[in-house]
Amino acid sequence: MKILNLYSCLGGNRYKWGDEHEITAVELDVECARLYQERFPNDTVIVADAHQYLLDNYKEFDFIWSSPPCPTHSRFQTSMKTTRKMNYPDMKLYQEIIFLNYFYEGKYCVENVIPFYEPLIPAHKRHRHLYWTNFNLPNVLSERKNPDLGRIKNVVEALSEFHDYDFRKYKGKQRMDKIARNLVDYEAGKSILDTAMGIVKKQDVNQTELF
């Protein structure tokens, strides 16, 4: 499959996808893009605005994964409303969901955190994430137990072990723990891609049988 991995960060979702696919990753943070390329040398990595790249190139791919920035949607927003400057929720999230749902012919998954408000578009809730897809997801995406970060002193170390990646390699401008928290469980990423592939293969078989 030709796969587009938007806002790819360090490739948490991509880790178990294997190398049989043609994968293009788009990431704006230069340091994240460098480390992603180091981690997945067979992928094409592009430093660009993922939101615009989707609009310009969506027709070229069979499967699209998008993980738009989540801070303005996070429930953390309401807990900090008296101590920090507030921002409007970034509606690029819903722009992409609506666009993909109505104009994209392949399979897609848009991932984000559970927001502090009722989601404007219904989604699949799995653990602490929401997934908007145009196919049904398994009830359980991963059997792996996430670390209880509220009880852990060294968050980066715990997440490095969980994601099988040393986040201390990151030397960019973002907080290291923020980068670590942003990654999707790789087993969830694999389950979602496997589900999408199974549907595509079944559709291909049915189409072949017509002839």
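The legends below describe close-up views of one predicted model.

Local features are given only where pLDDT is at least 70, and side-chain atom pairs only at pLDDT 80 or more, whereas totals for chains, interfaces and linings use all residues. Residues are numbered from 1 along each chain as its sequence is written, and side-chain values use heavy atoms, with hydrogens and water left out.

**View 1. The chain and its elements.**
The chain holds seven helices and seven strands. Helices (H or I, at least four residues) and strands (E, at least two) are DSSP runs, numbered from the N terminus. Read from the N terminus, the order of elements is β-β-α-β-α-β-α-α-β-β-β-α-α-α. Of the 211 residues, 47% are buried; buried means under 20% relative accessible area, exposed over 50%, and partly exposed in between, with a 1.4 Å probe and protein chains only. Among contacts (heavy atoms within 4.5 Å) with a separation of 6 or more, 57% join residues 24 or more positions apart.

**View 2. The largest nonpolar core.**
A nonpolar core is a set of buried Ala, Val, Leu, Ile, Met, Phe, Trp, Tyr and Cys residues joined through side-chain atoms within 4.5 Å. The largest one has 22 residues, and Leu4, Leu6 and Ile64 have the most contacts inside it. At least two residues of this core come from each of strand S1 (2-6), helix H2 (50-57), helix H4 (92-103), strand S5 (107-113) and strand S7 (129-133). Helix H4 gives the most, with five residues. Another core, of 21 residues, lies apart from this one and includes Ala25, Phe40, Phe63 and Ala188.

**View 3. The surroundings of Ile64.**
With neighbours within four places in sequence left aside, Ile64 is in contact with Leu4, Leu6, Leu54, Tyr58, Leu100, Tyr104, Lys107, Tyr108 and Cys109. Leu4 and Leu6 are also named with Ile64 as the residues with the most contacts inside the largest core.

**View 4. Helix H2 against helix H4.**
Two packed helices are described by the angle between their axes and the distance between the axes. The axes of H2 and H4 come within 11 Å and cross at roughly 15°. Axes here are lines fitted to C-alpha atoms, for helices over the stretch in contact, and angles run from 0 to 180 degrees between N-to-C directions. H2 is therefore roughly parallel to H4; angles under 35 degrees count as roughly parallel, over 145 as roughly antiparallel, 65 to 115 as roughly perpendicular and the rest as oblique. The crossing is left-handed, a term used if the near helix is turned anticlockwise from the far one by less than a right angle, with right-handed used if clockwise. On the H2 side, His51, Leu54 and Leu55 meet Lys92, Gln95, Glu96, Phe99 and Leu100 of H4. By class, this contact has four nonpolar, two polar and two charged residues. Ala, Val, Leu, Ile, Met, Phe, Trp, Tyr, Cys and Pro count as nonpolar, Asp, Glu, Lys and Arg as charged, and the others, Gly among them, as polar.

**View 5. Ala50 in helix H2.**
Ala50 belongs to helix H2 and is buried, at 5% relative accessibility. Not counting residues up to four places away in sequence, Ala50 touches Leu6, Tyr7 and Val26. Its C-alpha atom is separated by 8.9 Å from that of Ser8, 42 residues apart along the chain.

**View 6. Lys107 and Val200.**
Lys107 lies in strand S5 and counts as buried, with 11% relative accessibility. Beyond residues up to four places away in sequence, Lys107 touches Asp62, Phe63, Ile64, Asn134, Phe135, Ala196, Ile199, Val200 and Gln203. Val200 is in helix H7 (residues 186-209) and is partly exposed, with a relative accessible area of 21%. With neighbours within four places set aside, Val200 is in contact with Met1 and Lys107. The C-alpha atoms of Val200 and Met1 are separated by 9.7 Å, at 199 residues apart along the chain.

**View 7. Two residues with positive phi.**
Most residues other than glycine have a negative phi. Cys9 has a positive phi near 50°. Cys9 sits in the loop between S1 and strand S2 (22-26) and is buried, with a relative accessible area of 12%. Asp164 likewise has a positive phi, of about 55°. Asp164 is in the loop between helix H5 (155-163) and helix H6 (176-182), and is partly exposed at 46% relative accessibility.
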